[in-house]
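Hi everyone, thanks for making time for this.

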Amino acid sequence: MRGLPRFSRALTQAPASGIRRIVSAAQARQAAGLPVYPFHLGEPSFDTPLAVREAAARALMEGRTHYAPNAGIPELRQAIAADLSRRYGTSLPAESVVVTVGACEALTLALMAVLEPGDQVLVPTPCWPNYLHLPRLLGAEAVELPARPQDGFRPDLVELERSITPHTRAIVVNTPNNPTGAMLRRDDLDGLLGLARRRGLWLICDEIYQDITFGPSRHIGVLELSAPDDPAILVGGFSKSYAMTGWRLGYLVASPEHSAQFLKLHQYLVTSATAFAQWGALEALSAEAEVEAMRQTYQARRDRVVETLRRCGIEFVQPEGAFYVFGRVPTAEGGEAFCERMLREHGLGFVPGGVFGRDFGDWFRLCFAGPTEELEEGLAALREAFRVPQ
């Protein structure tokens with residue numbers, strides 16, 4: 001008698017999400033009636049703007065509950081193209097846009113479309129773990145290229161080019177960056193695009209945090225510098241800027257010819273994104289005042305966090321965007337043990353740095369997306385843990 005059928009080797013060898021492991025531990029602590037200060041999950045504390053919710057509710061009540069066009073409703077694709085064209089001084093056709101089930105699907109589409117088993121993708125670290133594990137699930141190799149804190153965690157272009165082999169197919173970058181808050185400069189993106197053109201590589205640029213920046217540097221998007229026929233793929237979405245994490249709406253942008261290929265894969269994976277939710281997303285693109293109010297709140301929270309970290313003597317690089325601080329563990333115990341102890345003894349939900357790249361085991365990520373009152377309570381607990389006067 002044959003045994004049970006097996007799972008793929010790539011899947012069984014893939015680790016469970018390191019971030020979700022911390023989330024589960026924090027939930028268990030809460031279930032036991034113990035306090036948890038939620039510095040671990042990139043979940044905006046705000047509700048989705050009311051007008052966005054109302055637009056989706058209207059669409060639902062009007063019966064917009066059938067399949068949407070595969071690439072997204074035309075109105076939303078056109079609005080995304082117009083919004084990006086305005087931001088970056090370009091002229092983007094709606095045919096370049098594929099509306100996806102979250103930015104996660106957009107990233108998955110990009111990687112599935114360009115990688116085959118045995119290929120390599122270059123990934124500057126520290127980075128969001130999906131950039132490392134999705135290629136491995138596809139039978140490809142994610143080559144980690146650690147950035148240095150003294151360089152502001154921006155990628156080393158010389159090292160990137162040296163790492164290219166005949167198997168290299170793509171580079172994945174994220175600006176503003178999760179977990180460091182670093183932002184790519186114009187020279188960085190120019191160099192990355194030039195490298196992609198010269199060496200025949202795809203440049204996948206995740207800009208999900210494009211609206212959450214703190215100056216003085218402004219966000220430079222890949223569309224601002226790329227030509228229409230460049231091998232550039234933009235990953236974007238609504239989760240972070242508009243507090244729409246549960247809506248699961250994102251988008252992928254490339255040249256119309258390239259997007260047609262991504263669309264084929266999107267059709268096989270999910271058919272289309274949720275119809276009535278797309279009408280809400282269309283309204284979200286007009287919510288500039290609400291987005292700016294959230295950005296200002298995040299900046300105030302960042303300032304409070306970095307002030308406390310300095311008082312505690314914790315080394316970090318000042319975040320320029322997103323809603324994370326990446327700090328160096330101030331003890332000899334390492335990131336895993338430090339984060340477990342901080343949660344166990346003080347209710348502080350930090351994520352170990354090793355989740356974001358193998359060279360960052362003595363770092364940790366602190367997220368300041370949660371409610372301001374809880375953040376202040378958590379910072380008080382952090383000061384107490386380090387015996388810093390309140």
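Let me begin with handedness: a crossing is left-handed if the near helix is turned anticlockwise from the far one by less than a right angle, and right-handed if clockwise. A word on the ground rules: this is a predicted model, where local features need pLDDT of at least 70, side-chain atom pairs count only at pLDDT 80 or more, and totals for chains, interfaces and linings use all residues. Residues are numbered from 1 along each chain as its sequence is written, and side-chain values use heavy atoms, with hydrogens and water left out. Helices (H or I, at least four residues) and strands (E, at least two) are DSSP runs, numbered from the N terminus.

So, which way does H5 cross H10, left-handed or right-handed? The crossing of H5 with H10 is right-handed. The axes of H5 and helix H10, residues 256–269, come within 10 Å and cross at roughly 115 degrees. Axes here are lines fitted to C-alpha atoms, for helices over the stretch in contact, and angles run from 0 to 180 degrees between N-to-C directions. On the H5 side, the contact uses Glu105, Leu109, Ala110, Met112 and Ala113, and these meet Phe262, Leu265, His266 and Leu269 of H10; contact means heavy atoms within 4.5 Å. By class, that contact has 7 nonpolar, 1 polar and 1 charged residues. For the classes, Ala, Val, Leu, Ile, Met, Phe, Trp, Tyr, Cys and Pro count as nonpolar, Asp, Glu, Lys and Arg as charged, and the others, Gly among them, as polar.

Now please turn to another helix pair. The axes of H2 (residues 18–31) and H13 (residues 335–346) come within 11 Å, crossing at roughly 20 degrees. H2 and H13 are therefore roughly parallel to each other, a label for angles under 35 degrees, with over 145 being roughly antiparallel, 65 to 115 roughly perpendicular and the rest oblique. This crossing is right-handed too. Arg21, Ala25, Ala26 and Arg29 of H2 touch Glu336, Leu343, Arg344 and His346 of H13, and the contact has 3 nonpolar, 1 polar and 4 charged residues.

We put a 1 Å grid over the protein atoms alone: a cavity is a set of points where a 1.4 Å probe fits but cannot get out, a pocket is an open set with protein on both sides within 12 Å along at least five of seven lines, and lining residues have an atom within 4 Å of a point. Grid points are joined across faces, edges and corners, and a volume is the space filled by probe spheres set on the points.

The largest pocket holds about 870 Å³. Of its 41 lining residues, Ile19, Cys104, Trp128, Pro129 and Asn130 are the closest to its centre. Which helix gives the most to this lining? That is H6, with 7 residues. The lining divides into 20 nonpolar, 11 polar and 10 charged residues.

The second largest pocket has a volume of about 330 Å³, and its lining has 6 nonpolar, 3 polar and 8 charged residues.
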